[in-house]
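The structure is shown first, and the description follows.

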Amino acid sequence: MKPVIKKESLDFLKTLSKNNNRDWFNAHKEKYIQAHENIIAFADALLAEMNKHDKIETESGKKSLFRIYKDVRFSKDKTPYSCRWSGGFKRATKKLRGGYYFHIEPGNSFLAGGFWSPEPADIQRIRQDIALAYKDWKKILANKTLTQTFGKLRGEQISSAPRGYAKDHPAIDLLRYKQYILKHDFTDKEVLSHDFLNKLNDGFKKMRPFLNYMSEVLTTDANGVSMLK
């Protein structure tokens with residue numbers, strides 16, 4: 001049987017959100033360890049499923065997970081712990097670009113994937129491709145499976161046209177993006193269900209055409225010549 005997210009693991013986060021201080025956490029450290037081990041086992045199983053249909057560079061479920069301990073040095077929020085379980089998988093080799101992310105939090109669980117913080121050179125290359133092949137972009141993003149699963153493309157956008165592009169370009173809505181993210185939300189009931197791992201894995205599969213197209217764009221020049229050495 002595949003691992004499931006235990007109710008106790010979700011309940012721990014609910015209680016932590018009301019007691020986000022070191023004294024409470026240290027007094028309930030054993031519950032944290034048990035919940036953390038549950039999430040590690042779940043992430044390990046998800047990684048194994050992902051590697052059946054994609055090449056993942058992340059070595060283990062444990063290494064995919066983000067720490068619960070927050071770095072509050074430069075944050076206005078000084079609570080010491082993050083009230084969520086989350087992790088990310090990186091695709092392997094220079095040819096496969098994009099990443100996968102899962103976020104488990106009471107009332108705010110989701111999967112996401114794409115490009116969170118592309119380097120300036122990557123953004124420039126993406127915009128170049130959008131300007132030249134915006135019909136291909138619109139076709140991919142209008143794919144029925146993609147829209148039914150993720151809705152619209154998400155991510156931060158600049159307020160006006162990027163430098164060098166006309167404000168009335170037919171794809172100005174896409175050119176303004178500086179992040180390229182697909183997201184799908186889950187209810188707490190879905191998170192605790194026996195098929196949640198399959199739902200995450202299936203969701204990541206469904207964003208693959210978009211990730212593969214972006215990988216092709218980011219590894220070739222405007223003439224379609226590979227930029228990989």
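Is F25 buried or exposed? F25 is buried, because its relative accessible area is 0%; buried means under 20% relative accessible area, exposed over 50% and partly exposed in between, with a 1.4 Å probe and protein chains only. This is a predicted model, in which local features need pLDDT of at least 70 and side-chain atom pairs count only at pLDDT 80 or more, while totals for chains, interfaces and linings use all residues. Residues are numbered from 1 along each chain as its sequence is written, and side-chain values use heavy atoms, with hydrogens and water left out.

**Aromatic pairs**

Rings of Phe, Tyr and Trp (for Trp, its six-membered ring) pair if their centres lie within 6.5 Å; planes under 30 degrees apart count as stacked, over 60 as edge-to-face and the rest as tilted. The count by this rule is 21 aromatic pairs. Two of them are tabulated.

| Pair | Centre to centre | Angle between planes | Class |
|---|---|---|---|
| F25 and Y69 | 5.8 Å | 70° | edge-to-face |
| W137 and F210 | 6.2 Å | 80° | edge-to-face |

Helices (H or I, at least four residues) and strands (E, at least two) are DSSP runs, numbered from the N terminus. Y69 is partly exposed, at a relative accessible area of 31%. Both F25 and Y69 belong to one aromatic cluster, formed by F12, W24, F25, Y32, Y69, Y81 and W85.

In the other pair, W137 lies in helix α5 (residues 120–141) and F210 in helix α10 (residues 208–218), so parts 73 residues apart in sequence are tied together. W137 is buried, with a relative accessible area of 2%, and F210 is buried at 1%.

**Charge over a ring**

The charged end of K183 sits over the ring of F110, 4.3 Å from its centre. The criterion is NZ of Lys or CZ of Arg within 6 Å of the ring centre and within 35 degrees of the ring normal.

**Largest pocket**

The largest pocket holds about 440 Å³ of space. A pocket is an open set of points on a 1 Å grid over the protein atoms alone, where a 1.4 Å probe fits, with protein on both sides within 12 Å along at least five of seven lines; lining residues have an atom within 4 Å of a point. Of the 23 lining residues, K90, R97, G98, G99 and G114 are the closest to the pocket centre.

How values were computed. Points joined across faces, edges and corners; volume = space filled by probe spheres on them.
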